[in-house]
Amino acid sequence: MSAEDQDPDEAEDEEDIRYFVRIGQTDLDGTKSVERSLTDMNGIGHRAARIIAEEAGIDRRAVFGKLDEEDIDEIVALVEGFAEEAPEWLSNHRNDFFAGETTHETGNDLDLTRRQDINRMKMIDSYKGSRHKRGQKVRGQRTKSTGRSEGTIGVNVEAIKEEQAEEAAAEEGDEE
C-alpha cells in the first residue's frame with residue numbers, strides 16, 4: 001500500500017504522534033502503549049505503570065505519543081511524584097541507611113543509590129560487600145556448579161590429546 005492509497009485520516013494520525021516522550025532524563029517510546037512505555041524507565045514496573053495510568057485517568061493501552069499535552073504532563077507529574085503517592089510496600093528503596101526513610105527512586109537516581117549502597121557494603125566489609133568484592137553470588141544462590149567464571153574445571157581432553165601428539169612427534173624426531 002503506497003502513501004497515495006492511505007486514508008487521509010490515518011496519515012494525519014501518523015503525523016500527530018510524538019515518537020519520544022521525555023520524563024526526567026529518560027526518553028520513552030511514544031509508539032508503545034502507556035503502560036509498556038512507562039516500564040522502560042528504571043524504577044517503574046508493570047504494577048507502578050498501571051497505578052500511574054489509573055491515577056491519570058488514561059487508558060493504559062492508549063498509544064503514549066498520541067495523548068494530549070495535558071495528559072502527558074499529568075503522567076510526568078505522577079511519575080516524578082510517585083514516591084509520595086506509592087504505598088510503602090511498593091517502594092524500591094526502603095529504610096535508607098543515612099536518613100531511615102523509605103523512598104521510590106526512578107531513572108538514574110536508582111542506579112546511583114544502588115551503587116552507593118554496594119560501595120558502602122564493600123567499605124564496611126560486610127558479608128554481602130565481601131561477596132561483591134570477589135564477584136561471587138551475593139544472595140545465597142548455589143555456587144558449587146553454577147556461576148563459574150574461571151577457566152575449565154576438570155579434565156580437558158583436547159589439551160591432553162595435543163600434548164600426547166607433541167610427545168609422539170618429539171619421540172619420532174629423536175629416533176631419526
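Throughout this passage, a residue is called buried when its relative accessible area is under 20%, exposed when it is over 50%, and partly exposed in between (1.4 Å probe, protein chains only). By that scale Asp125, with a relative accessible area of 48%, is partly exposed. The model is a predicted one, in which local features need pLDDT of at least 70 and side-chain atom pairs count only at pLDDT 80 or more, while totals for chains, interfaces and linings use all residues. Residues are numbered from 1 along each chain as its sequence is written, and side-chain values use heavy atoms, with hydrogens and water left out.

We begin with the overall fold. The protein chain contains eight helices and two strands, where helices (H or I, at least four residues) and strands (E, at least two) are DSSP runs numbered from the N terminus. Read from the N terminus on, the order of these elements is α-β-β-α-α-α-α-α-α-α. Of the 176 residues in the protein chain, 24% are buried. The accessible surface of the protein chain comes to about 13,000 Å², and carbon and sulfur atoms hold 44% of that area; accessible areas come from the Shrake-Rupley method with a 1.4 Å probe, and for residues only the protein chains shown count as cover. Among contacts in the protein chain with a separation of 6 or more, 43% join residues 24 or more positions apart, a contact being heavy atoms within 4.5 Å.

Charged pairs come next. Side chains of opposite charge can pair when their charged atoms come close. A search of the whole structure finds seven salt bridges, each defined as a side-chain nitrogen of Lys or Arg within 4 Å of a carboxyl oxygen of Asp or Glu. Glu35, Arg50 and Arg60 are linked in a network of such bridges.

Another salt bridge joins Asp59 and Arg61, whose closest N and O atoms are 3.7 Å apart. Here Asp59 is partly exposed, at 42% relative accessibility, and Arg61 is exposed, with a relative accessible area of 60%.

A pair of aromatic rings is described by the distance of the centres and the angle of the planes. The search of the whole structure finds one aromatic pair. Phe97 and Phe98 form this pair, which is edge-to-face, with 5.1 Å centre to centre and 85 degrees between the planes.

Phe97 lies in the loop between helix H5 (82-85) and helix H6 (108-123). The charged end of Arg120 sits over the ring of Phe97, 4.0 Å from its centre; this description requires NZ of Lys or CZ of Arg within 6 Å of the ring centre and within 35 degrees of the ring normal. Phe97 and Asp117 are 20 residues apart in sequence, and their C-alpha atoms are 8.4 Å apart in space.

Asn95, in the loop between H5 and H6, has a positive phi near 45 degrees although it is a residue other than glycine. Asn95 is exposed, with a relative accessible area of 56%. Asp125, found in the loop between H6 and helix H7 (127-134), is likewise not a glycine and has a positive phi of about 60 degrees.

Key. Phe/Tyr/Trp six-rings, centres within 6.5 Å; stacked < 30°, edge-to-face > 60°.
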